[in-house]
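Subject: Structure handover

Hello,

Please find the structure below, handed over for your files. My notes on it come after.

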Amino acid sequence: MDLQGKTGIVTGGASGIGAAIAAELAANGVSVVVGDLDESGAHATASSIRDAGGAAVALRADASDGADIEALITLAGREFTPVDIYVANAGIIGKPGLGTESDWDVILDVNLRAHIRASRLLVPHWTSRGSGYFVSVASAAGLLTQLGAAGYAVSKHAAVGFAEWLAITYGDDGIGVSCVCPLGVETPLLQAVRSTEDPDARLGASSIEQSAGVISAADVAAVTVDAIRADRFLVLPHAELLEMYRHKGGDYDRWIAGMRRYQRTLRAL
């Protein structure tokens, strides 16, 4: 995809990976609509982009709410051009452990159904014109797992599965899909998990930080935008994740046994 002159939406764009992807897209000629529940943060991201010479506007939006997604799409068309790129970045870690029924509703809404709702609104327009690009910011947890947090592990697996389905179903209609699966990234989300008192959540933070090096949000943004340009599905900002994923698929029982040992080691720290 030639990014120059395109219009993109980035959810969860007030900070972290979302803010970095918004800035990277803008630096490559994309006009960006930044959405986030953190209204001041979203406007700060857009302002920073404009200060750097890019084009951006912001809107307070809940990425899991269909009306708010539609408002982002409408704003993009009014301020720039119809949406070419949608980055479903907004996500939450959710409650640790097994969670309650309401905990599951919340995390599935944000980490999965938000992607489905955006696709329902965008895909018909993209197929009619023969182009469009959907970016699912998932997680290494969607390929491996997340110790201490069932909701996060399962919802991210589901996000990967949905992105795969989109790529298969609509690739021949000119719609590109990238699925971004980082390990540890220095973001407010990771900082929040680090500081919690819950032992399951702390276990999750330890597993993230010890599995590979913690990289910057800007590192994730750079490889994500490269993937959009190249129309590459699987985006692995941590190179070592590919070998981990291969080990899992090569011998599932051995991988599960290894993860149990790893969990015991972390709990003993």
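This is a predicted model: local features need pLDDT of at least 70, side-chain atom pairs count only at pLDDT 80 or more; totals for chains, interfaces and linings use all residues.

Residues are numbered from 1 along each chain as its sequence is written, and side-chain values use heavy atoms, with hydrogens and water left out.

Nonpolar cores

A nonpolar core is a set of buried Ala, Val, Leu, Ile, Met, Phe, Trp, Tyr and Cys residues joined through side-chain atoms within 4.5 Å. Buried means under 20% relative accessible area, exposed means over 50%, and partly exposed is in between (1.4 Å probe, protein chains only).

The largest such core has 38 residues, and I9, V33, Y86, W126, F134, C181 and L241 have the most contacts inside it. At least two residues of this core come from each of α3 (66–79), β4 (85–88), α4 (101–129), α5 (150–170) and β6 (175–180). Of these, α4 gives the largest share, 7 residues. Helices (H or I, at least four residues) and strands (E, at least two) are DSSP runs, numbered from the N terminus.

Another core, of 31 residues, lies apart from the largest one; I21, I49, A58 and I215 are among its members.

What does W126 touch, leaving aside its neighbours within four places in sequence? Its contacts (heavy atoms within 4.5 Å) are V83, D84, I85, Y86, S131, G132, Y133, F134, D173 and I175.

Salt bridges

Side chains of opposite charge can pair when their charged atoms come close. A salt bridge here is a side-chain nitrogen of Lys or Arg within 4 Å of a carboxyl oxygen of Asp or Glu. The structure holds 6 of them.

One joins D226 and R229, with the closest N and O atoms 3.1 Å apart. Both residues sit in helix α8 (residues 217–230); they are 3 residues apart, so about one helical turn separates them. R229 is partly exposed at 36% relative accessible area, and D226 is partly exposed at 41%.

Salt bridges with shared partners also join D109, R113 and R117 into one network. D109 meets R113 at 3.2 Å, N to O, and D109 meets R117 at 3.2 Å, N to O. Because D109 and R113 are 4 residues apart in helix α4, about one helical turn lies between them. D109 is partly exposed at 23%, as are R113 at 31% and R117 at 25%.

Regards
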